[in-house]
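Please open the structure in your viewer and keep the sequence panel beside it. We will go from one selection to the next, and at each stop you will read what is there.

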Amino acid sequence: MTVTTAHPQNRTALRNVAILVAAQAILGSQITMIFVVGGLAGQQLAPIACFATLPISMIVFGSMTTAPWLSHMMQRSGRRAGFMTGAAGGLIGAGLSAYAITIENFALFLLGSYLTGIYMSAQGFFRFAAADTASDDFRPKAISYVLAGGLVSAIIGPQLVSYLTFDNPDATVARFLPVYFGAMALNLVGIVLFPLLRIPRPPRPVAGSDLGRSTGQLLRTPQIAVAIICAMVAYALMNLVMTSTPLAVVGCGYTVSDASNIVTGHVLAMFAPSFFTGHLIARFGAPRIVGTGLVLLGIAGIVALSGIALGNFYVALILLGLGWNFGFIGATTMLAASHSPAERGRVQGLNDMIVFGMVTLASLASGGLLNCAGRSAAQGWSYVNIAMVPFLLLAGAALVWLSRGQARQTV
């Protein structure tokens with residue numbers, strides 16, 4: 001008897017996981033689509049080349065600032081309400097971005113990007129929603145399966161970009177309009193999917209009920225603190241490198257289709273391991289898997305620094321995706337196991353606000369390092385990858401500190 005059938009509550013969990021996998025695969029494609037073209041469109045609309053990746057930064061900034069209130073909404077009104085709000089944000093954001101392209105208005109394009117961040121924030125909660133109705137044994141697998149839905153989005157998103165922009169003789173920013181129209185259509189699927197979820201609302205607190213630990217106490221809990229640090233570093237470094245990848249690839253003499261294919265390989269590597277990451281976590285423990293992810297991120301930087309051949313870009317971005325998968329899923333599992341239901345809204349909102357706050361800074365730094373720090377795209381690409389070093393050391397030190405503390409407690 002498998003773990004999925006041994007526990008009665010996992011029947012509901014499996015239903016929810018299937019719906020969330022579909023949402024991650026279909027609606028999630030818009031994020032990979034926009035991440036491929038956002039910087040390229042920004043480069044043509046921005047008054048200064050250093051601001052080329054600012055649209056990507058605004059998406060992540062939108063996700064960061066949305067996370068606290070969206071998490072509170074889901075704590076109060078349920079997951080479905082929060083996810084529908086996210087799809088609405090994505091729909092309006094893509095529409096506004098498309099309009100901004102037609103009138104070549106960079107400020108309006110940034111506003112549309114910010115609204116797209118509302119969807120990105122909602123998508124970030126899919127992994128927590130998968131854990132809501134799962135048993136303890138099934139929880140890491142449920143999280144992994146939902147993130148594995150990104151495997152389909154990795155194929156759909158960049159390939160849609162290639163299809164919609166391939167052989168387009170138009171060299172103006174208007175050639176990216178079909179990409180944003182496609183993103184609008186994808187958000188409409190949420191109207192069908194999200195009402196099918198069966199996740200009970202958290203009980204409303206009553207006077208005198210236990211609300212759990214304070215925010216300060218939560219942040220001082222070692223497992224929560226280290227989980228947030230490792231998730232922050234894994235996601236921020238992935239975004240730092242991935243945001244500038246299309247610009248670096250094109251800047252080094254390759255095509256937009258090459259950039260799309262490299263991003264496809266990267267996103268496949270981000271999500272394909274999710275089919276077994278949960279099993280690895282259940283067997284070896286989350287801290288070891290997070291540590292493996294950090295090592296892979298470091299190796300990705302070494303490969304990127306060793307040359308600008310197309311093969312270097314492919315291998316570096318694939319390793320970057322694998323490192324993100326192990327680091328982020330492992331950290332999410334650590335966090336999901338370290339708080340009570342009453343603390344869920346505050347912990348998850350706080351986590352995503354901190355994580356995407358650092359991701360915002362990383363995406364801002366990405367464009368600046370690539371376009372303005374070096375004299376060429378190749379030199380800027382080197383600076384982007386060198387910037388990973390101090391953050392990998394921070395996360396590694398935090399993980400060692402947690403492991404030693406847990407070892408002392410067991411003695």
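**Before you select anything**

This is a predicted model, in which local features need pLDDT of at least 70 and side-chain atom pairs count only at pLDDT 80 or more, while totals for chains, interfaces and linings use all residues. Residues are numbered from 1 along each chain as its sequence is written, and side-chain values use heavy atoms, with hydrogens and water left out.

**Stop 1: the whole chain**

Show the protein chain as a cartoon, and you will find 20 helices and 0 strands; helices (H or I, at least four residues) and strands (E, at least two) are DSSP runs, numbered from the N terminus. The C-alpha trace of the protein chain spans about 60 × 45 × 40 Å along its principal axes. With 411 residues, a compact globule would have a radius of gyration near 22 Å, and the 20 Å of the protein chain agrees with this; the radius is taken over C-alpha atoms, and the globule rule is 2.2 Å times the number of residues to the power 0.38. Buried residues make up 56% of the 411 residues in the protein chain, where buried means under 20% relative accessible area, exposed over 50%, and partly exposed in between (1.4 Å probe, protein chains only).

**Stop 2: two salt bridges**

How many salt bridges does the count come to? The count comes to 2 salt bridges, each being a side-chain nitrogen of Lys or Arg within 4 Å of a carboxyl oxygen of Asp or Glu.

Select Asp 132 and Arg 79, which form a salt bridge whose closest N and O atoms are 2.7 Å apart. This pair links distant parts of the chain, since Asp 132 is in helix α7 (residues 126-132) and Arg 79 is in helix α5 (residues 79-103), 53 residues apart. Asp 132 is partly exposed, with a relative accessible area of 22%, whereas Arg 79 counts as buried at 5%.

Next select Asp 352 and Arg 127, whose salt bridge has its closest N and O atoms 2.9 Å apart. Asp 352 lies in helix α18 (residues 344-373) and Arg 127 in helix α7, so the pair ties together parts that are 225 residues apart in sequence. Asp 352 is buried, with a relative accessible area of 1%, and Arg 127 counts as buried at 3%.

**Stop 3: aromatic rings**

A search of the whole structure finds 14 aromatic pairs; rings of Phe, Tyr and Trp (its six-membered ring) pair if their centres lie within 6.5 Å, and planes under 30 degrees apart count as stacked, over 60 as edge-to-face and the rest as tilted.

Select Phe 109 and Tyr 180: their ring centres are 5.7 Å apart and their planes are at 75°, so the pair is edge-to-face. Phe 109 lies in helix α6 (residues 106-124) and Tyr 180 in helix α10 (residues 177-188), so the pair ties together parts that are 71 residues apart in sequence. Phe 109 counts as buried at 0% relative accessibility, and Tyr 180 counts as buried at 1%.

Now select Trp 324 and Phe 328, an aromatic pair that is stacked, with 5.2 Å from centre to centre and 20° between the planes. Both residues lie in helix α17, 4 residues apart, which is about one turn of the helix.

**Stop 4**

In α17, 21 of the 27 residues are buried, so the helix is largely enclosed by the rest of the structure.

Then select helix α8 (residues 139-148), where 9 of the 10 residues are buried, so that this helix too is largely enclosed by the rest of the structure. Its buried residues include Arg 139, Lys 141 and Leu 147.

**Stop 5: a distant pair in sequence**

Finally, select Met 33, which lies in helix α3 (residues 29-45) and counts as buried at 0% relative accessibility. The C-alpha atoms of Met 33 and Ser 260 are separated by 8.8 Å, although these residues are 227 residues apart along the chain.
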